[in-house]
Amino acid sequence: LSAMGEPSMDPTISAADSTAQQDSLFSMMDVFLISLITGLFTYWFFFRKKKEEVPDLPKMQTVAAPVRDSSFIEKMKKTGRNIVVFYGSQTGTAEEFANRLSKDAHRYGLRGMAADPEEYDLSDLSRLSEIDKSLAVFCMATYGEGDPTDNAQDFYDWLQEADADLSGLRFAVFGLGNKTYEHFNAMGKYVDKRLEELGAQRIFELGLGDDDGNLEEDFITWREQFWPAVCEHFGVEATGEESSIRQYELVVHTDVNMNKVYTGEMGRLKSYENQKPPFDAKNPFLAQVTENRKLNQGGERHLMHLELDISNSKIRYESGDHVAVYPANDSSLVNQIGEILGTDLDTVMSLNNLDEESNKKHPFPCPTSYRTALTYYLDITNPPRTNVLYELAQYATDSGEQERLRKMASSAAEGKALYLSWVVEARRNILAILQDMPSLRPPIDHLCELLPRLQARYYSIASSSKVHPNSIHICAVTVEYETKTGRLNKGVATHWLKSKVPEQNGSSSLVPMYVRKSQFRLPFKPSTPVIMIGPGTGVAPFIGFIQERAWLKQQGKEVGETVLYYGCRHEHEDYLYREELARFQKEGVLTQLNVAFSRDQAEKVYVQHLLKKNKENVWKLVNEGMAHIYVCGDARNMARDVQNAFYEIVSEFGNMSQPQAVDYVKKLMTKGRYSLDVWS
């Protein structure tokens with residue numbers, strides 16, 4: 001270091017005065033400066049080296065990763081289980097099926113457990129063969145456009161990247177899907193195919209449940225063939241035990257601190273009183289309703305626009321995202337169940353899992369009251385599944401009613417037909433069944449154990465965060481219909497939302513909600529043209545899209561053509577957001593507004609008819625303008641008809657055969673230029 005420093009100091013020395021004092025002074029200064037520079041350089045050198053070498057220190061390499069209590073293998077060994085049923089569930093149905101399969105196992109001298117893949121390390125699948133007569137079953141729902149459910153995302157990612165050897169694994173898959181969607185049962189099919197590719201042995205064929213048909217029947221049909229295949233594979237026989245097995249035990253709390261009792265919270269106790277971000281499915285935000293107005297001018301239906309205040313929540317959303325809302329059941333239905341079963345609904349209780357090793361300690365947050373459970377936690381409006389009828393049958397004192405319930409829960413053709421007509425098509429919920437079977441009076445705690453969880457409802461957000469950063473807008477139509485038995489059934493969420501009238505600091509106008517991210521996104525470049533097709537409440541996300549394009553235009557950005565195809569029944573009855581759309585068109589943001597009034601003339605006119613009418617312009621935007629296409633609304637008919645219209649347009653103007661046109665549209669989807677946000 002001194003050799004490096006010395007030459008730089010030479011000129012200073014040679015230019016110094018020749019007197020002894022000055023020579024001495026400069027020599028001292030010289031030494032001081034050299035020492036200072038040397039010290040600084042030495043410090044920098046070692047500090048720099050130390051910093052660079054930190055990741056390579058042996059100490060850092062020997063630190064063990066924290067041990068995750070996530071081995072389902074160890075849990076199975078500890079509890080004597082040999083069948084694990086994983087579920088990918090968005091609305092609770094796949095979880096319900098997984099629980100049913102795991103409970104079935106005891107009838108064959110086996111022991112099962114249902115498992116959430118999010119809670120375990122799925123790479124342990126390669127070790128399942130360590131357990132005798134072991135089997136992994138996967139009940140996998142498909143969400144949205146062929147996506148895995150939220151809780152199965154990590155499992156899906158692992159499957160895609162894994163190069164594990166699963167040659168010792170035996171498996172079976174049941175998929176839950178809906179044929180009205182483009183990617184029917186994509187997740188179930190993928191899991192089944194990928195496990196085989198990794199060397200696993202399929203012991204029973206893939207089951208494909210269709211929620212557009214009869215999902216329950218599809219599951220029962222698959223299940224009744226699945227278990228004999230398991231028996232044959234492992235050389236076991238059914239024990240003949242068909243008895244009802246309770247999964248939870250009732251504990252009634254007579255002397256309880258009410259501050260420890262759940263009153264509707266989804267996760268943390270008192271989370272509604274003491275709100276803490278981040279907000280999600282287990283920790284929803286209580287948003288105040290600041291606006292709730294009727295959108296339609298007439299007709300029998302009630303279409304509404306709601307605005308939820310998300311100020312100070314730190315919730316962020318993008319146009320195209322979904323807002324999830326946790327509704328409450330109608331208090332009159334809850335009270336009637338309590339009256340029929342002769343129960344004090346304000347009794348505080350807990351349902352505790354009899355399997356102490358289970359991760360799921362309670363079927364819903366406990367301790368709570370029966371009233372809270374039936375209001376906020378349990379689904380009391382959908383027709384119950386056959387396993388609920390089977391378990392309840394033992395409580396019917398009339399032999400005819402008991403036989404009827406058992407028959408509907410059986411796999412016999414006659415029983416399936418009876419269940420379809422008497423429960424599904426008649427839309428009988430649990431209250432209607434109790435009313436129509438006077439001798440059926442089950443203990444309310446067992447009923448609460450059997451009923452599925454009340455699920456959040458998803459709505460396409462009808463606003464842009466660029467324009468409304470502190471509020472989320474919802475567009476919804478109330479669901480109400482008369483059943484074959486003459487009962488009036490009402491949609492849980494829409495009727496509950498309808499009652500949410502804005503008032504100053506009023507708790508009655510609070511809505512538990514969170515945002516679910518979506519792939520339904522505007523093009524990255526504002527100059528890209530967009531074609532939006534959304535009849536009815538399907539217009540919701542496009543209100544947000546148009547708001548955002550208007551904002552971009554105000555920022556001086558070049559905004560491409562913005563084309564909307566909207567449809568409703570009658571121009572003067574249910575034309576939603578009429579004034580807003582007219583204003584956007586007048587301002588030049590909405591370059592085309594095409595509206596189909598389906599019932600204002602003898603012959604019905606729908607959005608697909610308008611697309612075909614404007615086919616030349618549509619093709620030009622898609623082919624030359626590289627437009628992005630968005631479809632929102634009904635999956636069963638509208639989305640399919642619109643897609644067929646695009647096939648025709650592409651075929652005609654692109655000079656393609658039908659298969660080529662189909663392939664062209666599919667490629668648009670793959671490239672993210674044809675997006676769907678549909679429901680059935």
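Partly exposed means a relative accessible area between the buried limit, under 20%, and the exposed limit, over 50%. Lysine 466, at 34%, is therefore partly exposed. This is a predicted model.

**Salt bridges**

The count comes to 42 salt bridges. Three of them are set out here.

| Glutamate 74 | Arginine 127 | 2.6 Å |

Take the bridge between glutamate 74 and arginine 127. Glutamate 74 sits in helix H4 (residues 72-79), and arginine 127 sits in the loop between strand E2 (112-115) and strand E3 (135-143). The two residues are 53 residues apart, so the pair links distant parts of the chain. Glutamate 74 is partly exposed, with a relative accessible area of 39%. Arginine 127 is also partly exposed, at 24%.

Glutamate 95 lies in helix H5 (residues 93-104), while lysine 360 lies in the loop between E12 and E13. The pair therefore ties together parts that are 265 residues apart in sequence. Lysine 360 has a relative accessible area of 31%, which makes the residue partly exposed.

Glutamate 548 belongs to helix H17 (residues 540-554). Lysine 466 is in the loop between strand E14 (457-460) and strand E15 (471-477). They are 82 residues apart. Glutamate 548 is buried, with a relative accessible area of 10%, whereas lysine 466 is partly exposed.

Shared partners also matter for the layout.

**A three-strand sheet**

Strands E8, E12 and E13 form an open sheet in the order E8-E12-E13, with antiparallel pairing. Strand E8 (248-252) and strand E13 (368-369) stand at the edges. Each has a single partner strand, so one side of each lacks a neighbour in the sheet. E8 pairs with strand E12 (residues 348-353) over five bridges, in the antiparallel sense. In one of these contacts, valine 252 has methionine 349 in E12 as its bridge partner.

**The cavity**

There is one cavity of 30 Å³ or more. The largest cavity holds about 40 Å³ of space. Its lining consists of Glu217, Ile220, Thr386, Met408, Ser410, Lys416 and Tyr419. Helix H8 (215-234) and helix H13 (413-425) are the elements that give two or more residues to this lining. By class, three lining residues are nonpolar, two polar and two charged.

Methods. Residues numbered from 1 in each chain as written. Predicted model: local features only at pLDDT ≥ 70, side-chain atom pairs only at ≥ 80, totals over all residues. Heavy atoms only, no water. Pairing = 2+ DSSP bridges. Helix = DSSP H or I, 4+ residues; strand = E, 2+ residues; numbered from the N terminus. 1 Å grid on protein atoms, 1.4 Å probe; cavity = no way out; pocket = protein on both sides within 12 Å on 5 of 7 lines; lining within 4 Å. Points joined across faces, edges and corners; volume = space filled by probe spheres on them. Nonpolar A, V, L, I, M, F, W, Y, C, P; charged D, E, K, R; others polar. Salt bridge = Lys/Arg side-chain N within 4 Å of Asp/Glu carboxyl O. Buried < 20%, exposed > 50% of the residue type's maximum accessible area, 1.4 Å probe, protein only.
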